[in-house]
Amino acid sequence: MALDKNVAELMNKQINEELYSAYLYLTFADYYEDRGLKGFANWYMVQVQEEVSHAKILRRYLLDNDVQVKMLAIAEPDKVFTDDLAPLLAGQEHERYITECINRCYAAAADVRDFRTMQLLDWFVKEQGEEETNASDMVKNMQLFGSDPKGLYDLDREYQARVFVAPTMPM
């Protein structure tokens, strides 16, 4: 079964959204690196790897369905941060936006009864739930503990322990 043209276009655009996410999170990592918060920087470097892996999953799916993938230009992130909470808030906002994008892809697939694509997107829907929870938790932790030097140090140490685990897709 060939992918619906609209579904294919949205999925291709989602590849770009995932790569933009990686690009954006690199700027977050750079901000925290400059601040000497290597744990926060590590957290976002792991996020970069996750976002690139998401783009690769979507790319592979399109290629496996005989859709020509088109790499779109990646927009320049325009965020400027003045405090340690700002990147976390921007990340939370961005994850909510990505959830909307995934939902658009899912709705388009549902409209044309493309159950195979919906099955792939089920994984992304679940993943976005986790991403939004993580972003929200980071904001709450910073608000609760980040204004205290010891609390900030402890959070930074906690985030330094995060490692990238490549996603496994139920296909």
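Guide: We can begin with Glu50, which is buried, having a relative accessible area of 14%, where buried means under 20% relative accessible area, exposed over 50% and partly exposed in between, with a 1.4 Å probe and protein chains only. This is a predicted model, in which local features need pLDDT of at least 70 and side-chain atom pairs count only at pLDDT 80 or more, while totals for chains, interfaces and linings use all residues. Residues are numbered from 1 along each chain as its sequence is written, and side-chain values use heavy atoms, with hydrogens and water left out.

Visitor: With which side chain does the side chain of Glu50 make a polar contact?

Guide: Glu50 has its place in helix 2, helices being DSSP runs of H or I with at least four residues, and strands runs of E with at least two, numbered from the N terminus. A polar contact is a pair of N or O atoms within 3.5 Å; within protein, one must be able to donate a hydrogen and the other to accept it, and residues adjacent in sequence count only if both atoms are side-chain atoms. At 3.0 Å, the partner of the Glu50 side chain is the side chain of Arg162.

Visitor: Is Arg162 buried or exposed?

Guide: Arg162 is found in the segment after helix 5 (149-160). Leaving out residues up to four places away in sequence, Arg162 touches Asn42, Trp43, Val46, Gln47 and Glu50, where contact means heavy atoms within 4.5 Å. Its relative accessible area is 16%, so Arg162 is buried.

Visitor: What distance separates the C-alpha atoms of Arg162 and Gln47?

Guide: Gln47 lies in helix 2 and, at 3% relative accessibility, counts as buried. Although Arg162 and Gln47 are 115 residues apart along the chain, their C-alpha atoms are separated by 9.9 Å.

Visitor: Which side chain is joined to that of Gln47 by a polar contact of 3.1 Å?

Guide: Beyond its neighbours up to four places away in sequence, Gln47 touches Tyr25, Glu95, Glu131 and Arg162. The polar contact of 3.1 Å joins the side chain of Gln47 to that of Glu131.

Visitor: What is the volume of the largest cavity?

Guide: On a 1 Å grid over the protein atoms alone, a cavity is a set of points where a 1.4 Å probe fits but cannot get out, and lining residues have an atom within 4 Å of a point. A search of the whole structure finds 1 cavity of 30 Å³ or more, and the residues that line the largest cavity include Gln47 and Glu131. Grid points are joined across faces, edges and corners, and a volume is the space filled by probe spheres set on the points; for the largest cavity the volume is about 90 Å³.

Visitor: How far apart are the end C-alpha atoms of helix 2?

Guide: The expected span of a helix is 1.5 Å times one less than its number of residues. Helix 2 has 27 residues and should therefore span 39 Å, which agrees with its end C-alpha atoms, whose separation is 39 Å.

Conventions:
1 Å grid on protein atoms, 1.4 Å probe; cavity = no way out; pocket = protein on both sides within 12 Å on 5 of 7 lines; lining within 4 Å.
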